Amino acid sequence: MAKTMLHNCNAATMEIGRGPYGLVDDCTVVVEGELIAWVGPRSELPSGMRCRSSVDLGGALVTPGLVDCHTHIVFAGNRAREFELRLDGIDYSEIARRGGGILSTMKATREASEDDLVEQSLPRLDSLIAEGVSTVEIKSGYGLSIESELKMLRAARKLGKLRGIGVKTSWLAAHAVPPEFRGRSDEYVDEVAIPGLVLAHELGLVDAVDGFCEDIAFNTEQLSRLFDHAVSLGLPVKLHSEQLSNMGGSKLAAGFGALSSDHLEHLDADGTAAMAAAGTVAVLLPGAYYTLGGSKVPPVPGLREAGVPIAVATDGNPGSSPMFSVLLAMNMACTLFGLTPEEALAGTTRNAALALGMIEDRGTISVGKRADLAVWKIEHPSELSYRIGYNPIEHRMVGGELR
């Protein structure tokens with residue numbers, strides 16, 4: 001298979017053990033097919049390494065392709081009116097109790113066809129791709145019926161095929177209780193969330209199982225039943241937890257060996273310790289914190305001290321985080337939550353891949369991994385978190401194809 005050499009660049013490989021950012025100056029990356037065949041300083045390139053073509057990157061900086069590991073980008077409609085209500089002082093929980101929030105998007109999503117969902121979601125996905133994202137996680141959770149949830153997952157799979165990027169899907173039927181099950185959340189879990197999961201798995205539409213652990217959504221006992229079924233199907237779990245309160249969701253998720261626990265503004269020391277022991281990634285979502293006017297930030301120092309890997313994602317959704325810019329998420333993670341620019345980049349590459357169970361395949365510029373790369377017209381990787389509303393990307397490589 002023909003090899004391609006990328007040269008005259010600096011690379012933030014994000015490999016552990018190479019120093020800050022895994023930086024390699026005057027780097028050469030050799031790509032063979034869809035994989036990275038060699039990476040290192042140009043001076044160390046093996047003399048026998050022959051390449052059919054070479055690309056001069058003009059001194060640009062190369063990073064792994066970015067990974068957005070928590071999104072809800074498949075949905076119909078919008079919730080701009082709720083944005084106005086929040087500005088008038090009505091909080092997220094109260095809007096949800098009035099039938100807004102997730103339930104508002106549920107109605108529009110149920111009414112939309114699969115093609116409608118794809119058409120409405122493509123611009124949101126394209127916004128992420130334009131900022132160097134080559135892998136994205138997409139959740140269901142706005143259909144809240146078996147068929148509508150499956151429709152969302154089919155649309156998500158179609159998006160990945162249309163744009164030729166990696167898409168991981170998560171079954172999030174346990175996102176909210178629909179009106180027809182009001183006051184009967186246990187029945188909803190048993191009649192929709194669990195049997196729908198089994199069917200989604202049979203159809204090959206789901207890669208992981210998620211839930212929303214809050215008093216406006218589902219409790220730990222209900223989610224435990226759902227996760228038991230996930231484990232029986234061989235599917236990994238993740239959880240929205242400790243966003244608005246502490247219901248012990250992160251400790252529950254860690255008990256199931258969860259890939260990630262997400263939001264975490266109200267995470268306590270017990271939950272942090274459980275996540276550390278399980279290797280569960282902390283996914284921080286500054287867009288939701290910003291949009292909802294949060295006042296309590298995730299315990300970043302405690303996560304660092306415990307050695308919990310920290311990822312950063314957009315949480316792109318119609319209500320609590322209508323943000324479809326991973327670069328802005330990185331900036332917000334630094335300015336609002338106190339991450340360093342290196343942590344923010346690790347959070348959208350190496351640790352984001354870890355949060356999706358894909359670290360063996362992507363997230364660093366390493367031999368044998370998929371050749372998903374982003375080429376930036378910048379001098380140092382800290383610039384990716386520094387600027388606001390500025391996209392310095394020059395080229396993208398996805399699966400060895402330069403775009």
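**Salt bridges and positive phi angles**

Trainee: What does Glu180 count as at 40% relative accessibility?

Mentor: Glu180 counts as partly exposed at that 40% value. Buried means under 20% relative accessible area, exposed means over 50%, and partly exposed is in between (1.4 Å probe, protein chains only). Keep in mind that this is a predicted model, where local features need pLDDT of at least 70 and side-chain atom pairs count only at pLDDT 80 or more, while totals for chains, interfaces and linings use all residues. Residues are numbered from 1 along each chain as its sequence is written, and side-chain values use heavy atoms, with hydrogens and water left out.

Trainee: Got it. Which residue does Glu180 form a salt bridge with?

Mentor: Its partner is Arg110, with the closest N and O atoms 2.8 Å apart. A salt bridge here is a side-chain nitrogen of Lys or Arg within 4 Å of a carboxyl oxygen of Asp or Glu. Glu180 sits in the loop between β7 (166-174) and α6 (185-202) and Arg110 in helix α3 (residues 102-111), so the pair ties together parts that are 70 residues apart in sequence. Helices (H or I, at least four residues) and strands (E, at least two) are DSSP runs, numbered from the N terminus.

Trainee: And Arg110, what's its relative accessible area?

Mentor: Arg110 has 27%, which makes it partly exposed.

Trainee: How many salt bridges does a search of the whole structure find?

Mentor: The search finds 26. Among them, Arg154 and Glu147 meet through their side chains at 2.7 Å, N to O. Arg154 is partly exposed at 27% relative accessibility, and Glu147 is partly exposed at 47%.

Trainee: What about Glu383, buried or exposed?

Mentor: Buried, at 16% relative accessible area. Glu383 pairs with Arg387 in a salt bridge, the closest N and O atoms being 3.0 Å apart. Arg387 is partly exposed, at 30%.

Trainee: Nice. Which residues are linked in a network of salt bridges?

Mentor: That would be Glu34, Asp361, Arg362, Arg370 and Asp372.

Trainee: Switching to the backbone: what is phi of Asp26 near?

Mentor: Phi is near 45° there, a positive value in a residue other than glycine. Asp26 belongs to strand β2 (residues 23-32), and at 33% relative accessibility Asp26 counts as partly exposed.

Trainee: Okay, and Leu264: where does that one lie?

Mentor: Leu264 is in the loop between β10 (260-263) and α9 (269-278). Phi of Leu264 is near 75°, again positive in a residue other than glycine. Leu264 is buried, with a relative accessible area of 0%.
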